[in-house]
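This report concerns the strand pairing, nonpolar cores and salt bridges of one protein model. The sequence and structure are shown first.

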Amino acid sequence: MPVPVPRQRAIPAAECGQAPAVSPDSGPSKEQAPPGTNPAENPTTRRENPTEKREKTTNETTDQHGSTVPTNLTLLLIEDDPGGSPIVPDLLDQSGKPIRVRTARNLTEAERLLTDDVQCILLDLALSAPAPARASADGNGDGDGSGDDELAVLRHVLELAPRHAVLALTSSSDAERGAEAVAVGAQDYLFRDELDGRLLSRAIRYAVERKRSDSAERRLAEGRLRAQENRRLERGLLPTPLLAGSSLRFAARYRPGRSRALLGGDFYDVVRTPDGTVHAMIGDVCGHGPDEAALGVELRIAWRALTLAGLCGDELLGTLQQVLEHERSDDEIFATLCAVDIAPDGRRAGLCLAGHPSPLVAGPGTPARLLPYDNNGPALGLLPGARWPRTQVELGAEWSLMLYTDGLIEGHVGEGRERLGQDGMVEMVRRQFAEGLQGEQLLRATVNEVRELNGGELADDVAVVLLDRTA
């Protein structure tokens with residue numbers, strides 16, 4: 001039987017979830033009301049609605065003189081002393097403001113009183129365990145025996161309130177049980193027969209701060225682990241260009257449209273085959289979800305394998321369409337693609353377009369312009385047996401070739417409905433070339449300016465690849 005410690009002020013009924021105390025001549029309480037009496041009609045016995053109580057007491061409480069005093073901390077006491085005597089003395093937080101106390105006699109009441117403004121839970125380990133836990137401890141469930149029964153109520157509370165600080169309350173003769181409670185997940189334990197206001201107030205503040213520190217440390221560890229996983233995924237999913245032996249310079253930028261996503265439906269790759277030809281590709285799977293991102297990775301890997309196997313042009317795209325048709329989850333999913341094969345001398349290239357925007361090329365004394373797109377074939381996955389003609393283009397001795405997805409040109413310009421479009425992009429890149437930007441700097445400036453014109457993040461994925469050749 002717990003030994004209560006007297007205190008000057010009883011827990012208000014609105015805080016403890018019990019019916020308010022009444023004087024002997026004030027009439028029966030709610031529990032004692034005669035049949036047929038509506039307690040809601042009696043203001044003395046009316047139980048407050050939890051929502052109303054939460055709205056009225058979130059940031060204030062009432063002192064012994066009846067005046068309102070602001071409070072910072074709220075404690076939920078869970079104990080089932082049948083005598084109803086309070087075991088918690090008056091409490092003050094670090095700034096001297098009263099700590100509000102709510103009392104629950106069982107876990108059902110505790111769940112109802114566990115609102116967002118509760119920072120700490122004081123749990124009496126002598127509280128009866130919930131029925132399922134007792135059944136497990138008796139060998140009729142999946143528990144581990146009597147050892148589980150001793151702390152079953154604590155485990156239940158920790159599961160019920162994973163973000164709250166928990167203090168375990170036990171007797172001074174059972175310190176080992178208190179230590180086990182901390183090992184299970186409580187922030188600290190206290191002896192029931194040694195409680196005083198100063199000790200408990202300090203323990204509550206310590207438990208709350210420790211819980212915050214533990215939560216912050218866990219989030220930091222999870223963030224580090226997620227960052228490591230992200231880096232591994234990026235290394236595995238984003239391509240590493242195979243340009244050994246080539247004089248071409250490579251740069252790329254990639255921004256998925258989905259929040260916190262690693263990849264979107266856009267994909268790209270660049271490889272050099274043994275004959276000295278440099279093959280570059282960029283594509284876009286319709287949609288923005290993880291399934292589209294996975295399909296884009298599959299298409300990129302398939303393109304690299306087919307290219308290294310010697311396929312190019314119409315034969316390569318036809319085989320790639322077969323891969324798409326077998327791997328897509330829906331018959332309506334398609335992908336656009338732009339493929340360029342640059343001759344070993346670097347002065348000319350072959351261009352195949354499958355429903356994709358034409359690349360941009362610029363050179364010394366030659367303003368940025370789009371390559372021909374008259375022979376643009378259909379997107380992959382739309383027409384069975386489709387063909388994709390290859391167009392021969394002249395590049396010259398020095399040039400910069402930029403491949404991109406439509407996310408770069410479909411952003412808005414200002415607050416209106418006007419979009420940047422290919423013409424707006426060409427003018428932008430011309431200006432940036434005139435300012436002397438090259439390589440990674442050029443791509444970074446281009447993507448950033450497109451975002452600024454759009455007024456924020458772009459809704460679609462963006463991928464840009466830049467190849468440069470100098471004489």
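## Basis of the model

The model is predicted: local features require pLDDT of at least 70 and side-chain atom pairs count only at pLDDT 80 or more, whereas totals for chains, interfaces and linings use all residues. Residues are numbered from 1 along each chain as its sequence is written, and side-chain values use heavy atoms, with hydrogens and water left out.

## The parallel sheet

Helices (H or I, at least four residues) and strands (E, at least two) are DSSP runs, numbered from the N terminus. An open sheet of 5 strands has the order β4-β3-β5-β6-β7, with parallel pairing; two strands pair if DSSP finds at least two bridges between them. The edges are taken by β4 and β7 (188–191), each of which has a single partner strand, so one side of each has no neighbour in the sheet. From one strand to the next, the twist averages 25 degrees.

Helix α6 (residues 175–184) lies across β6 (165–170) and β7, and runs at about 160 degrees to β7. Axes are lines fitted to C-alpha atoms, for helices over the stretch in contact, and angles run from 0 to 180 degrees between N-to-C directions.

Strand β3 (residues 74–78) is joined to β4 by 5 bridges, and the two run parallel. Threonine 74 stands opposite arginine 100 of β4, and leucine 77 has threonine 103 as its bridge partner.

Is strand β4 buried or exposed? Of its 5 residues (100–104), 5 are buried, so the strand is largely enclosed by the rest of the structure. Buried means under 20% relative accessible area, exposed over 50%, and partly exposed in between (1.4 Å probe, protein chains only). In a regular strand the side chains alternate between the two faces of the sheet. Both faces of β4 are covered, with Arg100, Arg102 and Ala104 buried on one side and Val101 and Thr103 on the other.

## Nonpolar cores

A nonpolar core is a set of buried Ala, Val, Leu, Ile, Met, Phe, Trp, Tyr and Cys residues joined through side-chain atoms within 4.5 Å. The largest comprises 25 residues, and Val340, Ile342, Trp399, Leu401 and Leu403 have the most contacts inside it. Elements giving two or more residues to this core include β8 (249–255), β11 (335–342) and β16 (399–404). Apart from it lies another core, of 23 residues, including Leu337 and Trp388.

Beyond its neighbours within four places in sequence, valine 340 is in contact (heavy atoms within 4.5 Å) with residues including Val278, Leu351, Leu401 and Leu403.

## Salt bridges

A salt bridge is a side-chain nitrogen of Lys or Arg within 4 Å of a carboxyl oxygen of Asp or Glu; by this rule the count is 17. One of them joins arginine 100 to aspartate 117, with the closest N and O atoms 2.6 Å apart. Aspartate 117 lies in the loop between α3 (107–113) and β5 (120–124), 17 residues from arginine 100. Arginine 100 is buried at 2% relative accessible area, and aspartate 117 is buried at 10%. Arg100, Arg102 and Asp117 are linked in a salt-bridge network.

Another salt bridge connects aspartate 269 and arginine 304 (2.8 Å, N to O), and both residues are buried. Aspartate 269 belongs to strand β9 and arginine 304 to helix α8 (residues 290–308), 35 residues apart. Arginine 348 and aspartate 345 also meet in a salt bridge (2.6 Å, N to O); here arginine 348 is partly exposed at 35% relative accessibility, and aspartate 345 is partly exposed at 32%.
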